Amino acid sequence: MYKILTLNNISPLGLARLPKEQFQVSTDAKEPDGILLRSFKMHDMEMPKSLKAVGRAGAGVNNIPVDKLTKMGIPVFNAPGANANAVKELVLAGMLLACRHIPASWEFARGLSGSDPEIGKAVEAGKKNFAGFELPGRTLAVIGLGAIGRNVANMGIALGMKVVGFDPGLTVEGAWQLSADVKKANSVEEALRAADFVTFHVPLIDATKNLINAERLKAMKDGVIILNFAREGIVDDAAVSAAIKAGKVYGYVCDFPSNLLKNHERVITLPHLGASTAEAEDNCAIMVAEQVKDFLENGNIRNAVNYPDVVMARETKHRLVVANANVPNMLGLISETLGNSKLNIHDMVNRSRGDYAYTVVDLDSPVTEDVRQKIAGINGVLMARII
């Protein structure tokens, strides 16, 4: 029986992927094997010694102490792409809200008074103040071509826009999922210079903080519309505010209200609606619950942010999984320890990611606790578990 601690409300459709016969799920589980959460901030939380996996029912993991957990040999799973359609639709809504002045025109209409003929006359007189422009033929720059960014880029092509994308980490698999009409930029600056609209779909790390700043704004087209449904901090709000007042930026749409932005002219702020659909919450919960389940039961890793993907079909009943520092001869030491214990390796998969690696070993006979402890005691091994 595996114990799962939930730190936020998790979609019942996701929890249903954890059968009650094998999983005990609660909000107060003691000594949990896994933790599922959404926005709960874990940084000040004491990690249970029993913890083996953390699953975030969403994409961002800023609320999770990933480095700390990595050093403990604990994978942190997320749900990339599960909310991609929800965010894509909000980007489209944001573009239309900005270029057609929908919030301002709505407020104008709500403020009309008088008889219906008088309102009709006021509408005809006032509508010229809200004239906008259409999307086809405009250039959409997409910064970040993960699951969400690819959806947004392909949507732009379908709308008749020109699309330029930038992502230094774009994989071959990701590239295959992009429309052939999406043009590749060689730098952020190149993409921004071409943009009539620019949208961001990247995590907030040191390299992405203030991707839009005063210096880059100077090189962009006059009348650009900026959209940020990714993370607060990717856009320098003060710089964009000044650029709007200077007439450089046509509009700014974001998911992160502040005192500076919430009543700002030509700024539309939404209350973090990016993945706030029932479908997205269900999809994220299902995806992350299945990943945590597979890891606990089989040791397979899919979509961990801190360890490589390692998936191996079980060919024996005896499996050992090891998380370790990515240093020379680690596989040799693990294999030697197993061999000295008269254990034959049936199959083995090892993958590395940066400074860390993960190994799955299927054996022809059971691994004893004594052998597991010997492997766990190898310098550089962070976790060793018998499944």
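**Helix H11 and what follows**

I started at the end of helix H11, where Gly 299 comes next with a positive phi, near 75 degrees. The model is predicted, so I take every value here as computed from it. I then checked the length of H11, which covers residues 278–298. Its 21 residues should span 30 Å at 1.5 Å a residue, and the end C-alpha atoms are 30 Å apart, so the two agree.

**Helix H3**

I noted which H3 residues are buried: Ala 84, Ala 86, Val 87, Leu 90, Val 91, Gly 94, Met 95, Ala 98 and Cys 99. After H3 I found His 101, with a positive phi near 55 degrees.

**The second largest pocket**

His 101 came up again when I turned to the second largest pocket. I read its volume as about 300 Å³. The lining has 16 residues, and those closest to the centre are His 101, Ala 104, Glu 265, Arg 266 and Val 267. Which elements give two or more residues to this lining? I listed helix H3 (84–99), helix H4 (102–110), strand S11 (249–254) and strand S12 (267–269). S11 gives the most, with four residues. By type, I recorded 10 nonpolar, four polar and two charged residues in the lining.

**The five-stranded sheet**

Next I followed an open sheet of five strands, in the order S2-S1-S3-S4-S5, with parallel pairing. Strand S2 (23–26) and strand S5 (76–77) are at the edges. Each has a single partner strand, so one side of each is left without a neighbour in the sheet.

I then went through the pairs around S3. Strand S1 (residues 2–6) runs parallel to S3 and is joined to it by three bridges. Leu 5 stands opposite Ile 35 of S3, and the bridge partner of Thr 6 is Leu 36. Strand S4 (residues 53–56) is also parallel to S3, with four bridges between them. There I noted Arg 56 of S4 as the bridge partner of Leu 37.

Are the faces of S3 covered or open? I found both covered. Gly 34 and Leu 36 are buried on one side, and Ile 35 and Leu 37 are buried on the other.

**Asn 324**

Why does Asn 324 count as buried? Its relative accessibility is 2%, and the cut-off for buried is under 20%. Leaving out residues up to four places away in sequence, I listed what Asn 324 touches: Met 330, Asp 355, Tyr 356, Ala 357, Thr 359, Gly 380, Val 381 and Leu 382.

**The whole chain**

Last, I took the overall figures. The protein chain has 13 helices and 16 strands. Of its 387 residues, 48% are buried. The C-alpha atoms fill a box of roughly 90 × 45 × 35 Å along the principal axes. I also looked up contacts with a separation of 6 or more, and 62% of these come from residues 24 or more positions apart.

Methods: Residues numbered from 1 in each chain as written. Predicted model: local features only at pLDDT ≥ 70, side-chain atom pairs only at ≥ 80, totals over all residues. Heavy atoms only, no water. Buried < 20%, exposed > 50% of the residue type's maximum accessible area, 1.4 Å probe, protein only. Contact = heavy atoms within 4.5 Å. Pairing = 2+ DSSP bridges. 1 Å grid on protein atoms, 1.4 Å probe; cavity = no way out; pocket = protein on both sides within 12 Å on 5 of 7 lines; lining within 4 Å. Points joined across faces, edges and corners; volume = space filled by probe spheres on them. Nonpolar A, V, L, I, M, F, W, Y, C, P; charged D, E, K, R; others polar. Expected span 1.5 Å × (residues − 1).
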